[in-house]
Amino acid sequence: MSSTNTAPRRSLHSFDIFFLVVAAAAPLAAVASNGALGVLMGNGVGMPGSYLLAGLVLILFAIGSSA
C-alpha cells in the first residue's frame with residue numbers, strides 16, 4: 001500500500017500576487033473616485049446614498065472574494 005499525495009500544489013507567483021493586490025485596491029479606488037465626483041458635481045444630498053451604495057458593492061466584493 002503506497003501513499004501518494006494527489007493534492008494540488010498551492011503556490012503564489014509574483015504575477016498572481018500582482019493581480020491580487022490590484023483586485024484588492026480596485027474597490028478603494030472606486031470609493032475614492034465616487035467621493036471626488038460627488039464633490040465636483042455638487043451632489044451634497046446624494047453623497048450619503050452613494051457611499052451606502054459603494055459600501056454595498058464593497059461588501060459584495062468581499063463575499064465574492066472570500067468564496
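## Leucine 60 and helix α2

Leucine 60 lies in helix α2, which spans residues 47–66, helices being DSSP runs of H or I with at least four residues, numbered from the N terminus. This is a predicted model, in which local features need pLDDT of at least 70 and side-chain atom pairs count only at pLDDT 80 or more, while totals for chains, interfaces and linings use all residues. Residues are numbered from 1 along each chain as its sequence is written, and side-chain values use heavy atoms, with hydrogens and water left out.

Leucine 60 counts as exposed because its relative accessibility is 54%, where exposed means over 50% relative accessible area, buried under 20% and partly exposed in between, with a 1.4 Å probe and protein chains only. Leucine 53 is also found in helix α2 and, at 54% relative accessibility, counts as exposed. Between the C-alpha atoms of leucine 53 and valine 31, which are 22 residues apart in sequence, the distance is 9.6 Å.

## Aromatic rings

The structure holds two aromatic pairs (ring centres within 6.5 Å; planes under 30 degrees apart count as stacked, over 60 as edge-to-face and the rest as tilted). Phenylalanine 15 and phenylalanine 19 form an edge-to-face pair, at 4.8 Å centre to centre and 75 degrees between the planes; these two residues are four apart in helix α1 (residues 14–41) and therefore separated by about one helical turn. The rings of phenylalanine 18 and phenylalanine 19 are also edge-to-face, because their centres are 5.1 Å apart and their planes stand at 75 degrees.

Phe15, Phe18 and Phe19 form one aromatic cluster.

Terms used. Phe/Tyr/Trp six-rings, centres within 6.5 Å; stacked < 30°, edge-to-face > 60°.
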